[in-house]
Amino acid sequence: MFSRVATQRISRCGMRSASANVLRRQFIGRHPQQVRWCSSDKGSHQSTTPIDKPDKAMSYWLWTCSGLVFGIVMVGGITRLTESGLSIVEWRPITGTIPPLTDSDWEAEFEKYKTSPEFQQNSQMSLSTFKSIFFWEWFHRFLGRTVGAVYLLPLVYFARTRVMSPRLKKRLLFFGFLGGLQGAIGWLMVKSGLEHKRFEDGSKATVSPYRLALHLGTAFVLAMGLHTTALRVRAGNLHLKMNPSFRPLMPYLHSTIGWVFCTAMTGAAVAGLDAGWIYCEFPYMGNSIVPPSQELFLEKCSSFPPRNLFENPTFAQFTHRCMAMSSLGMVALLSFKARNPSVLRALAATPAGKALLLVQVLTVTQVSLGITTLVNETPIPLAVAHQATSLMLLMSLVTFQVLLIDTL
């Protein structure tokens, strides 16, 4: 009796399930853009946003914006290395687009600069020298304004002409907000170098290393985010499941991305403290690999030792060296884990294998550039190349991640 009742219940459940499947297929056929895929397979559950069609135009737009942000980072590096960042002492988002055009305009701009702490420490500067440093800061800001226009105007167009998933919309709005925040952080960074009280002790007039690292980090996040979103828009969100063979790689990949990013931020501390001009040798720092303890930890930072990273040039450079070498080790470990036979077979069938090779090449290149830049006392071309390769390495790592997952 019990078995007969159970059989009837199972049969009715099966009929209901079959009917539900028919209705689901009909809904998918009628409303393809509103589908939310759910996997109820044993051991997995995945919920994603609606499938978007591949969109070349949108992906090329995002890649253009990412490339412009990359260019801003490079020009920002030149601006820092040439000590041009404090040459414009005002923030004029609209009227500042046009540089001085007449002699009187240049004289007026130069008079404003003479009120800055930097000029007061270098009062022998001529107008011609001022013009050269003014150019790099103006060009850096001009590129920032260009990115804003190139991003916002097409965004309005795509919002009106494309059907986008809610998550993609949120991403695009977030990038717009992040771009505006980046500009605000940039001005706050410059403003920190114009505060006379900070330099009353005779220290060199420069921007806050904390704000410099925040400014650079925001630019890196923006460039990487635009790039990964472009990859996913180009693919159309069509691949909603990750190959199980890649799952063992993900913890190592995520750790490597985070560590390399932090390494780049310690590089910002090195730049902000002019720490690239001390201990221009490798692997030693003086008579040892580890510098003297009295130089490694300053008395003024004793109440909170992590302050040494952004206030002590010796500590900043030593930390950057250690993190760079450990980043090399983490990429080597990631590559070793990828040699698992099942992972190798899966990588061979996808573009992810080439992305991992690019990661390996850029890692070795970046470490080599860093050492070469240091021992040559930080020449501008090598230093800019070193900064560029750090962003390229991070973008190659997130590309590898996207090609493994390939989903929004």
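**Figure 1. Exposure of F174 and F175 in the predicted model.** F174 is partly exposed, with 41% relative accessible area, whereas F175 is buried at 6%. Buried stands for under 20% relative accessible area, exposed for over 50% and partly exposed for the range in between (1.4 Å probe, protein chains only). The model is predicted: local features need pLDDT of at least 70, side-chain atom pairs count only at pLDDT 80 or more, and totals for chains, interfaces and linings use all residues. Residues are numbered from 1 along each chain as its sequence is written, and side-chain values use heavy atoms, with hydrogens and water left out.

**Figure 2. Aromatic pairs.** Rings of Phe, Tyr and Trp (its six-membered ring) pair if their centres lie within 6.5 Å; planes under 30 degrees apart are stacked, over 60 edge-to-face, and the rest tilted. The count by this rule is 18 aromatic pairs. W61 and Y151 are stacked because their ring centres are 5.2 Å apart and their planes stand at 25°. This pair joins distant parts of the chain, with W61 in helix α2 (residues 56-81) and Y151 in helix α5 (residues 127-161), 90 residues apart. Both W61 and Y151 are buried. F174 and F175 make a tilted pair, at 6.1 Å centre to centre and 55° between the planes. A cluster linked by ring pairs holds W106, F110, Y113, F119, F130 and F134.

Figure 3. V361 sits in helix α13 (residues 352-375) and is partly exposed, at 46% relative accessible area.

Figure 4. A pocket is an open set of points on a 1 Å grid over the protein atoms alone, with protein on both sides within 12 Å along at least five of seven lines; lining residues have an atom within 4 Å of a point. The second largest pocket holds about 320 Å³ of space, a volume being the space filled by probe spheres set on the points, which are joined across faces, edges and corners. Its lining has 16 residues, and R198, S203, K204, T206 and L273 lie nearest the centre. Helices (H or I, at least four residues) are DSSP runs numbered from the N terminus; α7 (209-235) and α10 (308-311) are the elements that give two or more residues to this lining.

Definitions and conventions: On a 1 Å grid over the protein atoms alone, a cavity is a set of points where a 1.4 Å probe fits but cannot get out, and a pocket is an open set with protein on both sides within 12 Å along at least five of seven lines; lining residues have an atom within 4 Å of a point.
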